[in-house]
Amino acid sequence: EPAICSYRVVFSPRIAKRQEPSSSAATIGVFSVGEVVRGQVSPSHANWLQLEDGTGFLMLVQLLYNFV
């Protein structure tokens, strides 16, 4: 079972708290840069953190695209 750890939000200005581990899932909240969240890496979705309180998911690595 994955360990519960603390993570600091570094993506500015905020990241979306999602209902499910998908970028197309409903946004049910946000966490701002500098906030600390607790959770465990989802065993079935390695790029998603399942919050310790069970209320949602955060994407661990936010991808940025530059369109030319």
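**Figure 1. Residue G54 in the loop between β5 and β6 of the predicted model.** G54 belongs to the loop that joins β5 to β6, in a model that is predicted rather than experimentally determined. With a relative accessible area of 55%, G54 is exposed, because the exposed class begins over 50%. The C-alpha atom of G54 is separated by 9.9 Å from that of Q19, a residue 35 positions away along the chain.

**Figure 2. The protein chain and its strands.** The chain contains six strands and zero helices, and its elements follow the order β-β-β-β-β-β from the N terminus. Of its 68 residues, 26% are buried. The average pLDDT of the chain is 89, and 90% of the residues reach at least 70. Among the elements, the highest mean pLDDT, 97, belongs to strand β3 (residues 27–32), and the lowest, 93, to strand β1 (residues 5–8).

Figure 3. R18 is part of strand β2, which spans residues 14–18. R18 has a relative accessible area of 18% and is therefore buried, since the buried class covers values under 20%. Leaving aside neighbours within four places in sequence, the contacts of R18 are S23, A25, A26, T27, I28, W48, G56 and F57. One of these partners, G56, lies 38 residues from R18 along the chain, yet the two C-alpha atoms are separated by 5.5 Å.

Figure 4. The bond from S12 to P13 is cis, with omega near 5°. P13 is located in the loop between β1 and β2. Most peptide bonds are trans.

**Figure 5. G29 in strand β3.** Strand β3 includes G29, which is partly exposed at 22% relative accessibility. Apart from neighbours within four places in sequence, G29 is in contact with I15, A16 and K17. The C-alpha atoms of G29 and I15 are separated by 8.7 Å, and the two residues are 14 residues apart along the chain.

Figure 6. Seven residues form the largest nonpolar core: V9, I15, F31, V37, L49, L51 and L58. In soluble globular proteins, nonpolar side chains tend to be buried together. L49, a member of this core, is in contact with Y7, V37, G39, Q40, V41, G56, F57, L58 and L60 when neighbours within four places in sequence are left aside. Among these partners are V37 and L58, each of which also belongs to the core.

**Figure 7. N47 in strand β5.** N47 is found in strand β5, which comprises residues 45–51. The relative accessible area of N47 is 29%, so this residue is partly exposed. Not counting residues up to four places away in sequence, N47 touches L58, M59, L60 and V61. Between the C-alpha atoms of N47 and S22, which are 25 residues apart along the chain, the separation is 9.6 Å.

**Figure 8. The largest pocket and its lining.** The volume of the largest pocket is about 180 Å³. Its lining comprises 13 residues, of which R8, V9, I15, M59 and L60 are the closest to the pocket centre. Strands β1 and β6 (57–59) are the elements that contribute two or more residues to this lining. By class, the lining consists of 11 nonpolar residues, one polar residue and one charged residue. Two of the residues closest to the centre, V9 and I15, are also members of the largest nonpolar core. M59 and L60, likewise among the residues closest to the centre, are touched by N47.

Key: Residues numbered from 1 in each chain as written. Predicted model: local features only at pLDDT ≥ 70, side-chain atom pairs only at ≥ 80, totals over all residues. Heavy atoms only, no water. pLDDT = per-residue confidence, 0-100. Helix = DSSP H or I, 4+ residues; strand = E, 2+ residues; numbered from the N terminus. 1 Å grid on protein atoms, 1.4 Å probe; cavity = no way out; pocket = protein on both sides within 12 Å on 5 of 7 lines; lining within 4 Å. Points joined across faces, edges and corners; volume = space filled by probe spheres on them. Nonpolar A, V, L, I, M, F, W, Y, C, P; charged D, E, K, R; others polar. Core = buried A, V, L, I, M, F, W, Y, C linked by side-chain atoms within 4.5 Å. Buried < 20%, exposed > 50% of the residue type's maximum accessible area, 1.4 Å probe, protein only. Contact = heavy atoms within 4.5 Å.
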